[in-house]
Amino acid sequence: MKLVYTGKTKNVFELENGNYLLKFKDDVTGKDGKFDPGENSIGLTIEGVGDINLQMTDYYFKKINEAGIRTHFVKANFEDTTMEVKPAKVFGHGLEVICRLRAVGSFIRRYGEYIENGAELPAYVETTFKNDALGDPLVTKDGLVVLGVMTEEQYDDLKSMTQQITKIVADDMKEKGLDLYDIKFEFGYDAEGKVMLIDEIASGNMRVYKDGEYIEPLKLNELFFAK
């Protein structure tokens, strides 16, 4: 296998069959030795977190594939904490897509004078460029089209897929007694320009509450996989 990219939480290898292999690490983002999904740099290493992130990713990607929504997921291998994926190009230099069901976090910091903290939102979708130096700036649909990052049709597909996937995750969380407030995804596109969900779906990419109390990502892992 050929190493093609070294990421913060995953390494990417090229396979002979044309697909790629994601190797999940135990490194997590954070600051001052504390895990913080919102940080842009590696803060610490937590043994076993790569395995747990792969388990949740495998679980949800299978559900999403079964729903007929395009993803890059092929299969997971829990023995070596890897996931085989189809090739995909990222939009621009990387784009994050957030779907918000409740007004919390950066949304309430920006718009708190117009809405109450925790108020319900109608699967509100926003996009940000992955750029640590600029603080992951927000970008609109018009901006993405004008900058040549994607077409209007690709954006419309991305938004629709984001809302569909969020409902799958939220409904599943609800069955576990958990409330999804927001979730972050990454999308790319295949050789034909078709949008597909890429990367992972793990506790560090979502904000989940139980009985009105925020659940830390590591605690969420425990609750999610509790027998």
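## Helix α1 and the glycine after it

Gly68, which comes just after α1, takes a positive phi of about 85°. Helix α1 covers residues 49-66, and its end C-alpha atoms lie 26 Å apart, in agreement with the 26 Å that its 18 residues should span at 1.5 Å a residue; the expected span is 1.5 Å times one less than the number of residues. Helices (H or I, at least four residues) and strands (E, at least two) are DSSP runs, numbered from the N terminus.

The buried residues of α1 include Asn53, Met56, Tyr60, Phe61 and Ile64, where buried means under 20% relative accessible area, with a 1.4 Å probe and protein chains only.

This is a predicted model, in which local features need pLDDT of at least 70 and side-chain atom pairs count only at pLDDT 80 or more, while totals for chains, interfaces and linings use all residues. Residues are numbered from 1 along each chain as its sequence is written, and side-chain values use heavy atoms, with hydrogens and water left out.

## Ser203 in its loop

Ser203 is found in the loop between β14 (195-198) and β15 (206-210), and Ser203 is buried, with a relative accessible area of 2%. Not counting residues up to four places away in sequence, Ser203 touches Asn53, Met56, Pro217, Leu220 and Asn221, a contact being heavy atoms within 4.5 Å.

The side chains of Ser203 and Asn221 are joined by a polar contact of 3.0 Å, and the Ser203 side chain also reaches the backbone oxygen of Pro217 at 3.3 Å. A polar contact is a pair of N or O atoms within 3.5 Å; within protein, one must be able to donate a hydrogen and the other to accept it, and residues adjacent in sequence count only if both atoms are side-chain atoms.

Notes:
Buried means under 20% relative accessible area, exposed over 50%, partly exposed in between (1.4 Å probe, protein chains only).
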